[in-house]
Each structure stands twice: as structure tokens, then as C-alpha cells.
Amino acid sequence: MKTYKIAVIGGTGKSGQYLVQNLLAKGYQLKLLLRHPENFTLQNPLIEVVQGDARDETAIYQLIEGTDLVISTLGQPKGEKSIFSDAAKNIISVMNQHGITRYIVTTGLSVTTLSDHKNERVEMATEWMYQNYPETTTDKQKEYELLLESNLDWTLVRLPLIHLTEENFPTETSLADCKGEGISAADLAAFLASQIEDSEFIRKSPFLYNLKE
């Protein structure tokens with residue numbers, strides 16, 4: 001297995017912490033973008049920290065410089081305007097500047113693609129998101145459209161509710177519908193890590209979910 005150096009955005013978030021641990025266990029070198037590095041307590045020689053915000057292109061430039069690919073589990077900061085399309089613009093621009101193409105990123109069920117056949121439950125959840133969180137929900141769709149317009153080898157992973165557990169369960173992916181109601185954070189981390197060398201979902205937006213046992 002090639003030893004990659006990976007730029008990670010959202011690595012201190014709830015699901016991002018599982019991703020970081022998974023990547024470290026595999027021996028990858030990581031560059032983490034942190035708003036508040038003083039609060040980051042994980043000491044590991046494989047980790048390099050860059051202070052900054054995903055809306056700041058200079059910070060994104062410093063983060064991505066010298067890496068092989070980018071993985072983002074970026075969440076929405078409370079009380080701020082939606083971050084997703086602003087971050088995507090910076091990431092796409094800087095990746096192009098550095099000649100890096102592989103970008104793996106998570107998003108929600110509300111994002112809609114032309115290949116979708118969402119079931120009634122997912123359609124209702126999407127509608128609920130637009131009604132209750134119109135700004136961020138619209139912005140996540142915009143992020144997808146920016147990726148479509150880019151020349152990156154992106155994978156946008158669409159997720160149901162993330163359960164913060166180390167447990168593993170049977171998982172499934174679909175490009176058309178989300179047939180499960182949740183995903184384990186450990187299973188999500190494993191899937192994101194698997195996409196580093198897997199080309200199946202390049203320029204695609206799979207739903208990832210756990211199957212009921």
C-alpha cells in the first residue's frame with residue numbers, strides 16, 4: 001500500500017475523529033486543518049497541524065501543499081453562515097493549483113443527483129431539511145454542483161444519521177437511494193479510508209448506510 005499524505009478537514013468533528021484514528025492506524029501521514037489547535041490533544045508523529053478555517057483560501061493552501069489527496073468531514077459551525085460551498089470553492093481552487101485530484105467528502109441525504117430514486121422516507125427527510133435548514137441544505141446542493149463543474153476525481157458520500165460508535169455493522173452503498181436509517185462512525189471512517197485507492201465512486205455520490213441486522 002502506498003504511503004499517502006492526506007489533508008483532512010473536519011478531523012476534530014464527531015465523525016472526523018473516527019476517521020483520523022482509522023487513517024493513523026493505517027500509517028498515513030495527516031495534515032489537519034484546525035480552527036483551535038490549542039484544544040487538540042492528540043499527540044502523534046504522523047500528524048501535522050495547520051491552523052485556519054475552510055473559508056480562508058490561504059489556510060487551505062497551507063493545508064493541501066505537499067499532500068496527495070484531501071478528505072473532508074466538515075460540519076456546519078453553529079451560528080455562522082453556511083460553510084459548504086465556500087469551502088468547496090477554496091478546496092477546488094487550491095487542489096487545481098497543486099495538481100492534486102482526489103477529493104473525498106461527506107454530505108447529507110438532502111443532496112439530489114440525476115440518478116436518484118429516493119424512497120418516501122428520504123424524500124420526506126429532504127423536504128424537512130429544506131424547510132428547517134434552508135440555507136445549509138441549499139448550500140450543500142451547491143457544493144455538489146461545484147464538484148460536478150470541477151475536474152477533480154471527487155467522491156461525495158451521502159449519509160443518514162451518524163451513530164458515534166466503534167461498532168461495525170453490515171453496510172451498503174447505492175447511487176439511487178438510502179435504504180438504511182443510520183451509519184456507524186466506525187463504518188463511515190472505514191469506507192472513507194477505502195476510497196483512497198478505490199476508483200468505483202469517482203465523480204459519483206453514493207449513499208452509505210448500515211443494513212438492519
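Predicted model: local features only at pLDDT ≥ 70, side-chain atom pairs only at ≥ 80, totals over all residues.

Residues are numbered from 1 along each chain as its sequence is written, and side-chain values use heavy atoms, with hydrogens and water left out.

Select helix H1, residues 14-25 (helices are DSSP runs of H or I with at least four residues, strands are E runs with at least two, numbered from the N terminus). Its buried residues (under 20% relative accessible area, 1.4 Å probe, protein chains only) include Tyr18, Leu19 and Leu23, and the buried set packs against partners including strand S7 (161-163) and helix H6 (185-194). Just after H1, Gly27 has a positive phi of about 85°.

Next select helix H2, residues 57-64, where Ala59, Ile60, Leu63 and Ile64 are buried. They lie on the same side of H2 because they cover an arc of only 125° around the axis, taken from the directions from the helix axis to the C-beta atoms. At the N-terminal end, Asp56 caps H2, with a side-chain oxygen 3.0 Å from the backbone nitrogen of Thr58.

Finally, select Asp177, in the loop between strands S8 (171-174) and S9 (182-184). Asp177 is buried without a salt bridge (a side-chain nitrogen of Lys or Arg within 4 Å of a carboxyl oxygen of Asp or Glu), but its side chain reaches the backbone nitrogen of Asn119 at 2.9 Å.

Methods
Buried < 20%, exposed > 50% of the residue type's maximum accessible area, 1.4 Å probe, protein only. Lys, Arg positive; Asp, Glu negative; His and termini not counted. Polar contact = N/O pair within 3.5 Å; in protein donor to acceptor, adjacent residues only side chain to side chain. Contact = heavy atoms within 4.5 Å.
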